[in-house]
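Me: Please walk me through this structure. I am new to it.

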Amino acid sequence: MLPDSIFELYLMTISNSIMYHYVDHKRLQCPFSTHYDYDQFMSEVNALLEGGHQFMTVTERFYSKCDEAIALTFDDGLKCHLKVAESLRSLNIAATFYPLSRPLIDKVTLNVHLIHLIVFRYGSKSLELLRKSCIEQDIDYHSLESRVKTSFQDIYRRYDDTYKVKLFKKICNFADMHLVINKLLTHICDSKGIPYSSESVYLIDDELRKISEMGHEIGSHGHSHTPVGMSSRTMQKIEVKVSCDHLSAIIGKPIKSYCFPYGTFETISKSIEPIFEQVGITNAVMSCDNQKALAHGHQLRYALSRVDCIDYDFSK
């Protein structure tokens, strides 16, 4: 049953969904990571429990009229999420996990996570490593930088990263040369001895199934973490349908919630909404405030806001 009014739904979804990615980083191994370690995460959850907050999955909250409920969400299907799921289950908290399907199918580590593995270890020096990798692989660095579309120049404006880290991320994520970037990133990982096998980065099928059986919601984060705002309609269909079909086959349940990769206004697309309806997706989350999306005609249920855990101290 849907809420009685759009205004009610708006109040329910504007700010009470929290986005997490990594929750296990050891600062000695990843000194430049701004993400949570496990103890920090659990401290936050316990503080919220002590404050009397109720927790629901994204889809439960979408259909509920409990506008005070909090939805905890975890993007990318990362290995550390199994421990998180087990801990939340012990506290009777159901959360929503958004894995990608390509790492499960092809057993590869995606560029976006190779970027993380490098940046978390080397910070601003990552850009220098990219330039060095270009020289060693006979690739023109400046041609890569020039390929970043104007619409993505400010995509990391809300983050505290240095200019060099932001430029490294923009080139690697949005130069639109996936195979070339993959060659450069894996070369950096190999030269620096950074482990990057898919099994060390992502959940496997059995772990994903186990999380679902704990009572958590499994949503879709797409197939290959491609920003649908820069994809053709054919690619949008592939990203949604392949992912939902594969994840559904693993857990034996339909996929109802979708998480936009990157999740900013620049990387989402209104044209994907009919595809959501075709495959049975009832709601989709962004990674930021949704006001711009709503002003441009996106359906509210396919542009739900979230707040990034690294932006706020919810324990206070």
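Reply: Helices (H or I, at least four residues) and strands (E, at least two) are DSSP runs, numbered from the N terminus. The model is predicted, with local features needing pLDDT of at least 70 and side-chain atom pairs pLDDT 80 or more, while totals for chains, interfaces and linings use all residues. Residues are numbered from 1 along each chain, and side-chain values use heavy atoms, without hydrogens or water.

Me: Which element gives the most to the lining of the second largest pocket?

Reply: Helix α9 does, with four residues. A pocket is an open set of points on a 1 Å grid over the protein atoms alone, where a 1.4 Å probe fits, with protein on both sides within 12 Å along at least five of seven lines; lining residues have an atom within 4 Å of a point.

Me: Which residues lie nearest its centre?

Reply: Of the 21 lining residues, these are N173, D176, H178, T226 and P227. Two or more residues come from each of α6 (111-122), α9 (163-174) and α10. The lining has twelve nonpolar, seven polar and two charged residues.

Me: New topic: how many salt bridges are there?

Reply: The count is seven, taking a side-chain nitrogen of Lys or Arg within 4 Å of a carboxyl oxygen of Asp or Glu. One of them joins R306 and D75 at 2.9 Å, N to O.

Me: Where do R306 and D75 sit?

Reply: R306 is in the loop between α15 (291-295) and β7 (307-308), and D75 is in strand β2 (residues 71-76). The pair, 231 residues apart, links distant parts of the chain.

Conventions. Ala, Val, Leu, Ile, Met, Phe, Trp, Tyr, Cys and Pro count as nonpolar, Asp, Glu, Lys and Arg as charged, and the others, Gly among them, as polar.
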